[in-house]
Amino acid sequence: MKKLINQQPGVVSRWALGLLPFVLIAVVYTLSSNARLAENPNDKLLPAPSHMLESMTRMAFEPSKRTGELLLWQDTGASLERLAIGVGLAALTGLVFGIANGAIPLLRAGFSPVVTGISLVPPMAILPILFITFGLEELAKIMLIFIGITPFLIRDLQQRTMEIPEEQIIKMQTLGANTWQIIVRLILPQIMPRLITAVRLSLGSAWLFLIAAEAIAATEGLGYRIFLVRRYLSMDVILPYVMWITLLAFLLDFCLNRYSHWRYPWFHDRSL
Amino acid sequence: MAIIELKNLWKEYGSEVVLERLNARVEAGEFITIVGASGCGKTTFLKMLLGTENPTRGELLLDGKAIPEEPDATRGIVFQRYSVLPHLTAERNVMLAGELAANRYTGHAFGARRQELKASAQVMLEDVGLGHAINKYPHELSGGMQQRLALAQALIKKPRILLLDEPFGALDPGIRKDMHALVIKLWREQQLTVFMITHDLDEGFYLGTRLWVFDKDRLDPQAPGAYGARITYDLPVGKDDHGTLEDIATRVDSTARVLG
Ligand SMILES: Nc1ncnc2c1ncn2[C@@H]1O[C@H](COP(=O)(O)OP(=O)(O)O)[C@@H](O)[C@H]1O
Ligand SMILES: [Mg+2]
């Protein structure tokens, strides 16, 4: 018998072990739900899985009586659009300022302290300011995501830029490169996969800021919906929505990871 | 006129003297191998030639003028590692110098110009024995192949001076022999001036045309930084003089023990 630390699961047992906790959660939930419903058929706290499915089918495929929209898709579209614009703008800004600060000491001296300062401001604390300045429309929500994750992206990419080996910067100069060429031919291509990694890390916060902003002021969106139906204790909608959001977050992360492996093989395959 | 001239050259970091009173003239086409205890300032000297470090006293002249204070295309370099760019294939690494020259802003070449660069990169890669690895990324190449690639990448730019900082230090002995032959061949073909640091005294003794030994001729074991290293031997290579080799080996070893 090998020592425990040297025992590796095979393919089948790896999957089985991975799925086991999910199955357990589902079983425990169903049992508890059944027990509560047996006592009180009108219990709202732990709706039966069939009930949740019913509600979600309604949200996804039956036009809303009030607006005539398919609510689930309308909410998903609105939220993903905000997330994409907010994260996209943040990634672009992070890339530009991160590389500029990392590569050019004169810019770093000017910008680095202020970026560090801004990154210490809790974004949720300035949400009222955003609502006052940008109104209750789309812009304020996008700005919250933007302000929430941009400082992290700038600081992370600045750090990654400064980690590019000095040897390679010197090498570029001995091959005749000017500052701009060093940025576009050496730094930018090497930072791109690191940008994807940084964006993946910041997506968790981005979702947090999105849902917070939607909860406070919105007329559609995943966060708006769960906070709206909370008033009616509609756990049959809230729970599936949370699972749906989790699935979306997982898919986004998965796609970014796959894309990075496909596009930047030299980054992922090198042995460190 | 000498291509490189050292006139009473000093390099100090704070109160630590690394190099002192270096004087020498190097003619174009010489191949200088530099040996010395580790920590005695060989890399520092190469950095001054490269332009990333400046002398604290004295003069370092290129063609009779102060050497530029930043790296440029006159001086090519191969480091022990990290010399090639990991995000480019072998071919693109070698094409890079030409691409940078083709367009100031994009650093890319297009059309016929690109085809030319591709063709000459392929010739260069064949020349260093990497004809079969054109489309591989550096992480897919062995250490020796990466150093060949680094040589190809540096030499296609036709620098006047080639700086090598223990370029083969991390390679197996057999592969090192091949690399020596390659460097000598390229040096002859391109009429380069070469400065090569090695920690292998034997290597220094038969490779190239001139051997420099960096050593501290005054050494205070209580304060190793009080005095700097100098060029204690400046010998033409080729005359197989076993006594001198032994003598140098003993002295460098005793310095190495003090520098630890
Ligand atoms: N940037 C630096 N700041 C302070 N001391 C340095 C610096 N670079 C090198 N040194 C010192 O200079 C000495 C020579 O270093 P180096 O040239 O790397 O030696 P070698 O290449 O011969 O092994 C060492 O004692 C090292 O600590
Ligand atoms: Mg060294």
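Q: Is B:Glu12 buried or exposed?
A: B:Glu12 is buried, with a relative accessible area of 17%; buried means under 20% relative accessible area, exposed over 50%, and partly exposed in between (1.4 Å probe, protein chains only). This is a predicted model, in which local features need pLDDT of at least 70 and side-chain atom pairs count only at pLDDT 80 or more, whereas totals for chains, interfaces and linings use all residues. Residues are numbered from 1 along each chain as its sequence is written, chains are lettered from A and ligands numbered from 1 in the order in which they are written, and side-chain values use heavy atoms, with hydrogens and water left out.

Q: Which residue forms a salt bridge with B:Glu12?
A: The partner is B:Arg57, with the closest N and O atoms 2.7 Å apart; a salt bridge is a side-chain nitrogen of Lys or Arg within 4 Å of a carboxyl oxygen of Asp or Glu. The pair links distant parts of the chain, 45 residues apart: B:Glu12 is in strand S1 of chain B and B:Arg57 in strand S4 (residues 57–62) of chain B. Strands (E, at least two residues) and helices (H or I, at least four) are DSSP runs, numbered from the N terminus.

Q: And what ring does B:Arg57 lie over?
A: B:Arg57 lies over the face of B:Trp10, at 3.8 Å from the ring centre; the criterion is NZ of Lys or CZ of Arg within 6 Å of the ring centre and within 35 degrees of the ring normal. B:Arg57 is partly exposed, at 39% relative accessible area.

Q: What else is B:Glu99 linked to?
A: A network of salt bridges links B:Glu99 with A:Arg185, B:Arg92 and B:Arg114. Between B:Arg92 and B:Glu99, the closest N and O atoms are 3.2 Å apart. B:Glu99 is buried, with a relative accessible area of 0%.
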